[in-house]
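Please keep the sequence and the model in view while reading.

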Amino acid sequence: MLKQVQHDAGMWGDTAASTPYKPPMSIALAIILSAAAMTLIIGVRYLIASGAFALATRAKHPGLYTGLDAQVRREVAWSLASAAIYGVPAGVVAWGWQNRGWTQIYDNVHAMPLWYLPVSVLLYLFAHDTWFYWTHRWMHRPRPFKLAHAVHHASRPPTAWAAMAFHPIEALTGAVAIPLLVFLIPIHVSALGLVLAIMTVMGVTNHMGWEVFPRFMWRGPVGAWLITASHHQRHHERYGCNYGLYFRFWDRLCGTDDGIGDFTKDRQRSRAPAAARRRGGDADRGGANRAA
Ligand SMILES: [Zn+2]
Ligand SMILES: [Zn+2]
């Protein structure tokens with residue numbers, strides 16, 4: 001059985017046991033501070049992860065994001081706005097976990113059998129993937145697409161900075177997933193950290209424009225069930241397919257899997273509009289410096 005764990009005073013405040021009464025104003029302030037701290041953590045995490053993979057892109061595929069400066073600025077702005085939306089439910093739940101014993105997060109590794117650690121990670125990834133698949137598929141219906149999801153698809157082709165480039169409505173659907181799951185499925189705090197790390201890395205690398213993972217993860221029997229950049233790239237190219245986040249399970253089951261994209265071809269295609277944009281910009285400045 002999962003033991004109820006009492007936590008020491010931490011960044012989110014004192015334990016319920018050590019603070020018999022707090023005026024509502026100080027509780028509200030603690031929750032606001034917790035939400036602000038989470039927003040900051042998520043925003044900085046985004047900047048570090050996307051920045052690191054953008055640097056890797058520059059080293060590995062120089063010029064891949066050339067001509068996309070305005071798009072990248074838009075992706076960063078939407079992503080930082082999303083960080084605030086992700087930070088609020090995360091901050092409220094973190095406060096409740098620390099101060100009220102909310103959630104099924106445990107920090108004593110022996111509170112559950114050790115085999116449950118990897119199982120819990122898989123359960124979270126599968127549950128998150130299921131939530132993402134169905135909400136994402138719904139957002140491709142005409143009205144929600146126009147209202148919200150078009151913001152994410154305005155990135156053509158997406159870059160490493162597009163990981164959290166969502167309209168606030170879409171950000172809200174993403175922001176509640178993990179904070180709801182921690183009430184339903186027990187997870188050790190370090191396993192939850194791993195889930196969040198996988199979420200961050202896949203969010204960035206799926207939009208990066210090239211494959212960072214070894215070939216077996218996107219080709220062959222393993223690749224047939226896992227989602228990496230080659231799979232999500234095709235979603236950004238063709239729209240009505242490849243809705244999943246981590247696994248191809250729902251796409252395959254529902255007949256929406258359309259295979260994986262080809263970055264070599266995509267790069268050739270995306271270079272043309274990028275070059276056109278550069279030429280347009282140069283023409284605006286008098287056309288003295290035409291880009292190649
Ligand atoms: Zn995407
Ligand atoms: Zn989409």
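## Basis of the description

The structure is a predicted model, in which local features need pLDDT of at least 70 and side-chain atom pairs count only at pLDDT 80 or more, while totals for chains, interfaces and linings use all residues. Residues are numbered from 1 along each chain as its sequence is written, and chains are lettered from A and ligands numbered from 1 in the order in which they are written.

## Overall make-up

The chain contains eleven helices and two strands; helices (H or I, at least four residues) and strands (E, at least two) are DSSP runs, numbered from the N terminus. Their order along the sequence is α-α-β-α-α-α-α-β-α-α-α-α-α. Of the 292 residues in the chain, 33% are buried. A residue is buried if 20 or more other C-beta atoms lie within 10 Å of its own, exposed if 12 or fewer, and partly exposed in between, with C-beta atoms placed from the backbone.

Two residues are in contact if their C-beta atoms, placed from the backbone, lie within 7 Å. Among contacts with a separation of 6 or more, 70% join residues 24 or more positions apart.

## Annotated regions

An unreviewed UniProt entry places the feature "transmembrane region" at residues 27–55, 76–95, 115–134 and 191–210. Such annotations may be inferred rather than shown by experiment; the positions follow the numbering used here, and feature names are shortened. In the model, residues 76–95 are 100% helix and 0% strand, with their end C-alpha atoms 28 Å apart. Residues 191–210 are 75% helix and 0% strand, and their end C-alpha atoms also lie 28 Å apart.

## Helices H1 and H2

The axes of H1 (residues 24–60) and H2 (residues 69–100) come within 7 Å and cross at roughly 135°, which makes H1 oblique to H2. Axes are lines fitted to C-alpha atoms, for helices over the stretch in contact, and angles run from 0 to 180 degrees between N-to-C directions. Angles under 35 degrees count as roughly parallel, over 145 as roughly antiparallel, 65 to 115 as roughly perpendicular and the rest as oblique.

Residues of H1 in this contact include Ala-30, Ser-34 and Tyr-46, and those of H2 include Ser-79, Gly-87 and Trp-95. The contact of H1 with H2 comprises 16 nonpolar, six polar and no charged residues. Here Ala, Val, Leu, Ile, Met, Phe, Trp, Tyr, Cys and Pro count as nonpolar, Asp, Glu, Lys and Arg as charged, and the others, Gly among them, as polar.

## Helices H3 and H6

The axes of H3 (residues 116–139) and H6 (residues 177–184) come within 11 Å and cross at roughly 135°, so H3 is oblique to H6. Tyr-124, Ala-127, His-128 and Trp-131 of H3 meet Ala-177, Ile-178 and Leu-181 of H6. This contact of H3 with H6 has six nonpolar residues, one polar and no charged.

Within H6, Ala-177, Ile-178, Pro-179 and Val-182 are buried. The elements covering the buried residues of H6 include H2, strand E1 (105–106), H3, helix H5 (168–175) and strand E2 (187–188).

Trp-138 is located in helix H3 and is partly exposed, with 13 other C-beta atoms within 10 Å. Its C-alpha atom lies 9.8 Å from that of His-149, eleven residues apart in sequence.

Asp-258 occupies the loop between helix H10 (249–253) and helix H11 (263–284). Asp-258 is partly exposed, as 15 other C-beta atoms lie within 10 Å. Leaving aside residues up to four places away in sequence, Asp-258 touches Arg-234, Arg-238, Cys-241 and Asn-242.
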